[in-house]
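Visitor: I have never read a protein model before. Could you walk me through one, feature by feature?

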Amino acid sequence: MGSVLYAQSDSLMLSLSIQQADEQTLLEMARLRNIASVETDVLRQALLDYHDLELYPIALEQDVSQQYQMTIVQADTLSTDADSSLVQLEGNVVVSFKLQGETKEKKLSAQKMLIDLDHTMLSAQGSVTYEDPQIDSALQKVDGTIITLDWSSSSLFIKGATTQSEKTNSEEQKVTLYTSGSQITYAGKTTSLSYSDGWIGTKKVDPLSSIRAKKLQFLPGGDLMVQSASLQMGRVPVFWTPFFLFPGNRMVGNPAMGFASERGMFVSTTFELFGSNPKLQEANSSSFASLLASSNNQALFPDGPIYSDRSSGSGLQNWAKGNGSYLSLMADAYELAGLHTALNGQISLLNKKLTIGTHDSLALYVEGKELVAEYADAPRLRYYGEHLLKLDTTYADVSLEFPYYSDPKVKRLYANRLTAFSFDAPLGKAQEFPLDFASDITSYTWKLTSSFKLPKTVLSPYLSSLTITSLSAQARWDWQKQDGEYRYLLKKVILPELQMNMEGSLFSFTAPLASDDIEQEQQTSLELPPLLPKAYEIGVSSTPKSSPTTERNLSLTYSIDQKLTHSVTETTTALDWQDDAYLYTFTKGSFILSASPHSQMLKLSQELIPQLSIVEDQSKNVFYNQEVQLFSVTKAELPILGLSYTLSQRLYRFQETQTRSTGTSEVLIATNEEEYAFTKDTVTIHQVKIEKAITLGFGTFTPSITANMYPVTQSLLPRLLYTNGPVSISLSFRWTEVAGVLQKDALFGQVKYARPAWTFQVDANYDLTTIHQRALDALSLQQSMSASFFKKAVKISQNVSYIALSTQNVQDWVEQLTFKAEVPSLSFTYTMQGQVHDLHSQKMIATISAKKLSFRVWKRRVELTLGLDTSFNFHFIDRYASSLDVVGSLGFSIAEFLDCSLSVKSSNTGFFRYYDDQGSFSLPLLWEDLLRSFDMTGDGRYHTQFNLSSISFDLVHYLGDWSLNCKYTGSVVLSNNQYNWVPTVSVFLTWNTIPELNVEEKWTQSNQEWIRTQAT
């Protein structure tokens, strides 16, 4: 290593050179120091004692075969020894290096540096800074006075150093952690980091709060081991422990321990037998785990007592990871809730097409009772289970749910459990269990649901589709008292419930017809002077015109729909399949014969619809009802003329009912048969319609005539529609049958103009059935208009409903005239009613919705926020219907110093009190009442119509490492059928680094007395 090492000033390098020297080198070193030659180990220790050195546990790599790249970025002076591999650098030294296979460089800067290239070691002194982006631990950046580094193994020995790392606590806040020690040792191969006389804080110099220990040791994965540790506020220790191990690694069993009022002291464990249970949420972990845990996102596998990111697990683990399967064993012990064990898992098979989910829990409840005589009681042996089987394939879907419970509260108690490591209760944190299951289970259902779809087979097209939309069965259990004991009783069974459909075609013949030849004029050229080049010839040709595709066809198609429900519901003390059974079946068919010799000339179709329905309810006196019906729908169409004919009617009906005779077992059967008759009772549609569009150069005219014929109520409706771009105008005249004669009924008209930014529409109706004193009295109008500007930021609209003669015989009556304007965060609506010449205000609605308006000053560090959500509904006629609802918020903040917010919710439904003796609305009365609502010293706030339903005031003062939270809340609470104002004041002091370490005081006023809750 060179003779210079015999007298070097770096004590650490000297110690390491003595530690690694061979026998010949040791003898030479002893000779120079006049030390007698003895055995090698004794001589090595004698040399260390001569220089007052220690044996440091850092092993040098001999004969290093791994390649590396070192770059001397800068240095004021450089010197080397030709007889050794030493390089000495001085003055603003910066060196970077990386090993083979690494992508990021390590960087070291110092005032003086000695490098041993053969042993990949260096020693740096004076304002030393070391950065290693490869390390995922507290050692991301190091500042020290003396650093000795073996870069091939990332082994470090540091004197008087401070490390820095960025972490995230449980509140999702970024935290910069500084860890300092008089001596730091980092073993790169095992990634363990040890601090002597160390401390942890969020400030590099004089932290306001810190954790100090004689020894801090960070183990792989984030485990923290401390000896003689204390939590200090400034220099004052507030908590001390002789030894403590906090596992930052995820532990097998995921133990959680603490205290909860409903459960007492508890210990919960969750063991993953195979796979990864997605319900083990890291979100519930404390800030200790968040700060210490590694950011490695690789899959974790059980590896002894902890989880590790080893490259692969066992064959079972890899199979479970590939298809999302898992199986977990849970074991809990509660002081008040007893012992609980559970097995939870999910198995996926057949490429995740088959999923089996299972959960079974069994608990021994210490306060349970032998006889569950009251609803609140629970048995000693409590259990619940939830099982799921799901099959999802192309042609079949099946789902089976099979739950069971011992009592309604068992799942709420044992399913809401902690699944991530925590032990925060000894530190004063209240245990917060999940509330995913907050309700009692008073009823549960076994359910089987399925659906099937038959793939296309050789039967197609005769059977083109066979689908069972739903095939299900259910059994419902209710928690009820029977024979003096509560239990789950079977109350209803559905077996089965079926919906299915079948479709097909018995025959279908289609043949295209020869289309008309495409008409096209021959291309011609305009006559040009003979000397003009042919390039100037102008071709003139017409646009090709082709007729629509035509065909002839003949087909017979069918479809059959089936519904079936068979169930039994308890009506007495137990299910009785004979007395409580219910059966419903409905079968509907459709057979359509379609024919068309020419698709543009004639289309014919005939549909027959048979129906059969049966309802059998044994719990009723009339327990059986059967109905058979046959319907017919006939359609004919001449497309070339726009003529169509439709006839829908019932051809046959048969009905049978069965009734139990009172007092006897005799069954009375009644039947009713209705044969075909062409009457109003059997015919629903009998209509002829002709409609044809005619396109001209200035628009499209569409005349039409619709006639409803005997035996339905006869009517005739001629109509003319004109359209041209955004303009649409229509006029129709309806004639209706009265006493067998068509008489004038009404005239209808519509004018419409529609553009994206502006629309206008008028609908008119003129009644011709009544003779009025004025010709205008038969008229009624509906008019609407809307417009938007500035990319729809501003909107205005107007609607009016006019009746020339109202039902109360009032002429020129405006039923409603509404104006509405909208801009961002603000809308205004005004409604009027009355005669045209005497309109009266009806209602005014104003809303303001400004969620958060922000204003910043002083380099954007001071912010003022305003929020307002207001709805004002004022009725001019009904004074008791007016109301005002206000939700306002005000916020003020100074960056890194103060956050302050105020939120108020108020309402007023007493506007009827603001009218004077003459019945007019009085603004002075409103303002007086508003001022009374702000009377906090007297009793004015108790005599106002402005009701403050809730108020909240929050103030957060940031004190470096700590934050002081002051909060006042008040709300109206209904208690003993009386509304009372209940205020609450709380003061909360928390350490930002680890929010679990906090102090809280809370006072609530009840019955005019302030009650202090237990502090934490």
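**Reading the model together**

Guide: Buried means under 20% relative accessible area, exposed means over 50%, and partly exposed lies in between (1.4 Å probe, protein chains only). Before we go on, note that this is a predicted model, where local features need pLDDT of at least 70 and side-chain atom pairs count only at pLDDT 80 or more, while totals for chains, interfaces and linings use all residues. Residues are numbered from 1 along each chain as its sequence is written, and side-chain values use heavy atoms, with hydrogens and water left out.

Visitor: What does Glu28 meet in a salt bridge?

Guide: A salt bridge is a side-chain nitrogen of Lys or Arg within 4 Å of a carboxyl oxygen of Asp or Glu. Here the partner of Glu28 is Arg31, at 2.6 Å from N to O. Arg31 is exposed, with a relative accessible area of 52%.

Visitor: Which residues of H2 are buried?

Guide: First, the general idea: an α-helix has 3.6 residues a turn, so residues three or four places apart point the same way. Helices (H or I, at least four residues) and strands (E, at least two) are DSSP runs, numbered from the N terminus. In H2, which spans residues 23-32, the buried ones include Leu26, Met29 and Ala30. They sit on the same side of H2, because they cover an arc of only 100° around the axis. The arc is that of the directions from the helix axis to the C-beta atoms. Gln24 and Arg31, on the other side of H2, are exposed. Just after the helix, Asn34 has a positive phi of about 55°.

Visitor: What does Asn323 touch?

Guide: Contact means heavy atoms within 4.5 Å. Asn323 lies in H5, residues 315-323, and counts as buried at 12% relative accessibility. Not counting residues up to four places away in sequence, Asn323 touches Ser348 and Lys352.

Visitor: How many residues does the largest nonpolar core have?

Guide: In soluble globular proteins, nonpolar side chains tend to be buried together. A nonpolar core is a set of buried Ala, Val, Leu, Ile, Met, Phe, Trp, Tyr and Cys residues joined through side-chain atoms within 4.5 Å. The largest one here has 32 residues, and those with the most contacts inside it are Leu108, Met113, Tyr130 and Ile147. Strand S3 (residues 86-99) gives the most to this core, with 5 residues. Leaving aside neighbours within four places in sequence, Leu108 is in contact with residues including Val93, Val95, Leu122 and Tyr130. Apart from this core lies another, of 25 residues, among them Tyr384, Val410, Tyr444 and Trp479.

Visitor: How many salt bridges does the structure hold?

Guide: There are 21. In one of them, Lys369 pairs with Asp377, with the closest N and O atoms 3.3 Å apart. Lys369 is partly exposed, with a relative accessible area of 41%, whereas Asp377 is buried at 13%. Another joins the side chains of Arg774 and Asp777, at 2.7 Å from N to O. Arg774 counts as partly exposed at 26% relative accessibility, and Asp777 counts as buried at 6%. Elsewhere, salt bridges that share partners join Glu627, Arg650, Arg653 and Glu674 into one network.

Visitor: How many helices and strands does the protein chain have?

Guide: The chain has 7 helices and 52 strands. Of its 1016 residues, 35% are buried. Among contacts between residues at least 6 apart in sequence, 48% join residues at least 24 apart. Now go back to Glu28 and Arg31 in your viewer and find their salt bridge yourself.
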